[in-house]
Amino acid sequence: MRITREQGQNYSGGGVTYFKIKDNESARVRFLYNTLNDIEYLAAHSLRQNGQYATVDCSRLPEDPIDNCKWCAEGDRVVSRVVIPLFNLGTNKIEYWVRSQSFVDGTLIPILEQIPANQPISGQLFIIKRTKTGPQPTDVSYTVMAELGTVNDGKQRTEFGEIQDPLEAGIIKPNDYTFPIVAPQNNNTATQQNNFTSTRRTNDIF
């Protein structure tokens, strides 16, 4: 469900290409927004089941009855997510980067606010760097900065291709999403294929 930036602060925490870079590497990108008003916040559940992960749409607002969403009724925490469309100059295609509201509000927006209001955000080149900060896979951080020596060329977001809706494209799964059954690989796992672990949100690594 689409929510406002203010509503997102009430929460803790298809044929598309996802933006990914390796530890200690960087990428040159354009964020496909004309203005900050193009940023959309989504209420969702970040879920895990039997090693599978999914970000699932939440079908209720904070003031709605909890039974309006089966995941809320099961005790899964609601998180505010932003699906950032960007143009990756390394792959020459539109990619999508799923981030938390805390990352967008605390890291991304302060950088984008430096662009003059009469210039489109998509007209500026940026560098995203991923840094390994510890031994665990989730021990990473991202820095975002405007590329030095470049100027805003005024290109609008639509000049880079069609930007897909995150719900229609399946980046955010529908509220009635069901995790697929994982086929057993040997006799030892055959008896376990219906023994699912509890579905609960993942660690907030965004």
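Let me start with a term: pLDDT is the predictor's confidence in each residue, from 0 to 100. We need it because this is a predicted model.

So, how confident is the prediction? The mean pLDDT of the protein is 86. A value of 70 or more is reached by 83% of the residues. Over residues 189-206, pLDDT stays under 50. The model still has 43 contacts for that stretch, counting beyond four places in sequence. Strand β9, residues 200-201, has the lowest mean pLDDT among the elements, at 44. Strand β2, residues 26-31, has the highest, at 98.

Next, the overall layout. There are four helices and nine strands. Along the sequence, the pattern reads β-α-β-β-β-α-β-β-α-β-β-α-β. The protein has 206 residues, and 43% of them count as buried. Its accessible surface comes to about 11200 Å². Carbon and sulfur atoms account for 47% of that surface.

Where does T150 sit? Look in the loop between β8 (140-146) and α4 (187-190). Why does T150 count as partly exposed? Because its relative accessibility is 25%, and partly exposed covers the range between under 20% for buried and over 50% for exposed.

What does T150 touch? Leave aside neighbours within four places in sequence, and T150 is in contact with Q124 and L125. Q124 is 26 residues away along the chain, yet the two C-alpha atoms are separated by 7.6 Å.

Definitions and conventions
Residues are numbered from 1 along each chain as its sequence is written. This is a predicted model: local features need pLDDT of at least 70, side-chain atom pairs count only at pLDDT 80 or more; totals for chains, interfaces and linings use all residues. Side-chain values use heavy atoms; hydrogens and water are left out. Helices (H or I, at least four residues) and strands (E, at least two) are DSSP runs, numbered from the N terminus. Contact means heavy atoms within 4.5 Å. Buried means under 20% relative accessible area, exposed over 50%, partly exposed in between (1.4 Å probe, protein chains only). Accessible areas come from the Shrake-Rupley method with a 1.4 Å probe; for residues, only the protein chains shown count as cover.
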